[in-house]
Amino acid sequence: MIRKKILLSLASLVLFAVAGGAVFLLLAFLYLSNNLPSVEQIASRQIDQSTKIYDREGNTLLYEVSGGEKRTVIPLEEIPQFVKDATIAIEDENFYEEAGVNWRAILRAFLTNLIHGRIVQGGSTITQQLAKNAFLSPERTVTRKIREWILASQLSRNYSKDEILGFYLNEIPYGPTAYGIESASKTFFGKSASELNLAEAALLAALPRAPSYYSPHGNHRDELLNRQKFTLRKMRETGKIDPQQLEEALGTALTFQPPGQAIIAPHFTLSVQDYLVSRYGEDLVRTGGLKVKTTLNLELQALAERAVREGAEKNQELYQGYNAALVAQDPKTGQILALVGSRDYFASSSLPEGCIPGNNCKFEPNFSVATQGFRQPGSALKPFAYLTAFQKGYTPDTVVFDVPTEFVANNPQCPAAPNYLEEETTPCFHPENFDERFRGPVSFRRGLAQSINVPSVKALYLAGLVDTLGTLKNFGITSLVDPSRYGLSLVLGGGEVKLIELVGAYAALAQEGARHAQATILEVKDSAGRILESYHDSESVAADAGDVRLVNDILTDLDERSGLFQGSLALTVFPDREVALKTGTSNDYRDAWALGYTPSLAVGVWAGNNDNAPMQRRGSSILAAIPIWSAFMKEALPKFPADTFLRPSPATAQKPVLRGEYLSGGEAHSILFHVDRRNPEGPPPQNPAEDPQFSNWEEGVRRWVSENPGAGGETMRGTPGAPQIDLHEPKPGISLGNNPVQVRATMRASAPLSRIRVLFNGEPLQEFRGPYAANHEFVWIFSPRSTLLQNELVIEATDDRNRTGSARSILFK
């Protein structure tokens with residue numbers, strides 16, 4: 001009896017709980033269904049607000065992520081079957097079999113997202129997407145999701161699948177202003193939806209998942225094309241197309257219409273848009289009415305765009321270098337003031353013949369080299385190797401020998417005395433200098449200021465590769481993560497970096513090692529005026545100020561810089577301004593760099609070709625990048641304070657060799673004879689030969705001493721002790737015009753000169769037979785018979801021991 005009463009009581013409780021739960025669910029359903037739009041409202045839609053991106057003053061509109069919903073409603077019958085099939089294949093392949101909500105897909109997405117700890121998969125059907133986009137807000141909440149399910153179920157009960165698909169294809173956004181398939185087709189392909197081919201239909205079907213991110217006018221076209229290919233293969237898997245149609249569509253070239261909506265500073269603005277989407281989500285950025293104030297200085301941006309466009313046009317004509325990019329940053333705040341990712345974002349007529357963007361063109365208008373391109377930096381990383389060496393106790397006066405040196409030790413394939421006239425054999429590494437000369441003893445100051453390769457590789461070895469990479473990481477370079485890939489070639493262009501990160505690193509040098517995180521946004525407000533985020537300076541210490549001052553002192557040293565720039569020095573000098581400068585040129589002139597800064601402005605320029613094709617006619621950084629950088633700096637610097645750099649403290653190294661006294665007992669040795677590179681300020685090594693580089697470095701010094709008894713001098717590659725030539729006139733970079741050209745040069749040799757030759761564009765102009773004194777002043781005047789846009793004048797001097805030295809100068813028409 002008692003047991004029966006207990007069972008009845010439990011049953012009553014269960015029934016009460018079930019009834020209570022049912023009542024709760026009913027009330028929740030009624031609550032969430034309250035104020036839901038009726039399905040009859042499918043003919044109308046809510047008004048979305050576009051996100052507006054402004055310059056730093058907040059007055060000039062750079063871009064509207066959605067500048068208005070352009071829509072033309074067309075009947076489902078006029079929409080090609082390709083479009084319908086592609087959309088279903090990529091968005092909801094079970095559309096015709098399922099209800100408005102696919103609970104299995106929702107559960108699968110929930111578990112996947114739970115495993116990954118973030119949203120990596122969605123479970124929305126086409127019907128749910130229609131409900132969300134047509135009637136609901138973009139907020140990400142549980143209640144909004146439940147309301148989406150309820151409305152999708154109502155749509156499924158009241159409309160056929162074809163009607164829902166028609167509503168969807170006319171409602172869904174395909175881009176910032178392109179709503180509906182007809183608008184999308186005209187926006188991106190310039191044709192009606194009824195004229196779309198299979199390849200175009202698959203591409204448009206790939207857009208709705210993230211219209212701004214995948215936009216053909218944006219920075220992620222490659223990802224869009226991959227998604228298009230995925231859509232086509234899904235159509236084949238579901239039997240909507242046959243293998244031949246698949247192959248034809250995959251091979252169809254796509255030609256996009258240029259952006260129809262005005263956009264200012266497009267590469268900068270689109271990078272801001274990418275950030276907003278990653279931070280706030282695609283839907284909120286497209287329809288949430290955000291107001292964004294950026295860091296862009298419109299006046300500097302205009303100067304940058306002109307300098308890049310004009311410089312790249314000149315480089316194309318002279319060196320077949322089609323593209324360039326520029327980034328300007330405020331070193332004191334990290335704010336990006338100007339950013340140009342290519343010579344012309346809107347270019348079409350200036351593309352190389354036969355070039356289709358995305359297919360290895362020399363010039364990709366939409367691709368931002370500034371923010372997306374990984375390029376070899378040439379010598380642009382050298383300052384950070386020297387900085388690391390300074391941190392360990394070396395000084396600007398420390399001397400290493402600029403002599404032929406093999407850096408691959410203990411390898412029979414790589415002799416200690418390399419022959420530079422023979423093709424280098426892998427895995428040997430014996431770099432030469434830009435001017436093909438070796439100078440003997442060279443200070444760290446001169447090695448960095450004149451970007452001399454052999455001393456810089458030795459500085460990197462002394463500083464340590466891993467420690468130098470650590471320094472670069474501290475300065476904001478994130479792409480150099482594998483030391484085994486670079487080795488000692490790091491300071492000659494090993495590895496790849498982004499221009500924007502390199503500018504950030506040099507900006508930290510400008511602030512004596514204080515690195516301010518880069519920023520492109522000053523403020524973001526929502527549609528109600530509430531501040532969602534605002535700029536806050538984020539500062540970290542990348543290096544000690546005292547060590548950085550040594551680098552700044554070297555890079556601002558005009559006397560030392562002149563040895564590298566010669567006739568182009570004027571492009572690096574600005575009245576009443578102290579400007580630090582470093583250049584870089586990668587192998588075969590594929591990349592040309594110029595990085596310069598004051599305490600108030602850091603500017604970097606890259607020049608080259610998108611497809612990594614080399615520039616011609618020795619299109620180095622001095623010829624291809626410096627003119628662009630100089631043109632911008634000349635106009636920009638007057639807008640900033642005339643700040644100067646603090647001078648470094650005098651070197652206090654106790655060891656004579658660290659102060660530049662490289663002779664010991666009247667003998668010359670490599671620096672490894674005097675220091676343990678792991679502890680340069682400590683006692684000298686008991687057995688220098690334990691260092692794997694010692695033998696090769698010492699052999700180079702020994703040969704130099706034997707060939708240059710009693711004095712140090714420059715030698716030509718492959719011809720030790722060759723005559724040296726200082727070419728005074730004509731100055732590099734001058735325009736020839738129609739006037740006679742005076743050649744004036746000072747020649748110094750250890751033996752009498754037997755012959756002097758003058759060549760113009762590779763052709764002999766005149767040969768002078770000696771004998772001439774070992775120290776000879778050469779003067780000659782000639783009138784060129786014909787000139788090119790760029791011309792090369794070469795002077796050769798041969799002594800009576802048949803050793804030849806040369807000097808060259810680049811001259812313009």
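**Close-up views of a predicted model**

**View 1. Strands β1 and β2 form an antiparallel pair.** Strand β1 (residues 52-54) is joined to strand β2 (residues 61-64) by three bridges; two strands pair if DSSP finds at least two bridges between them. Strands are DSSP runs of E with at least two residues, and helices are runs of H or I with at least four, numbered from the N terminus. I53 has Y63 of β2 as its bridge partner. Six residues lie between the strands of this hairpin, in which G58 adopts a positive phi near 75°.

The model is predicted: local features need pLDDT of at least 70 and side-chain atom pairs count only at pLDDT 80 or more, whereas totals for chains, interfaces and linings use all residues. Residues are numbered from 1 along each chain as its sequence is written, and side-chain values use heavy atoms, with hydrogens and water left out.

**View 2. Strands β21 and β22 form an antiparallel pair.** Seven bridges link β21 (residues 753-760) with β22 (residues 763-772). F760 stands opposite E763 of β22. The hairpin has two residues between its strands, and N761 takes a positive phi near 55°.

**View 3. P680 lies in the loop between β17 (667-668) and α24 (694-707).** P680 is buried because its relative accessible area is 3%, where buried means under 20%, exposed over 50% and partly exposed in between (1.4 Å probe, protein chains only). Although P680 and G393 are 287 residues apart in sequence, their C-alpha atoms are 6.6 Å apart in space.

**View 4. E78 occupies the loop between β2 and α2 (81-91).** E78 is partly exposed because its relative accessibility is 46%.
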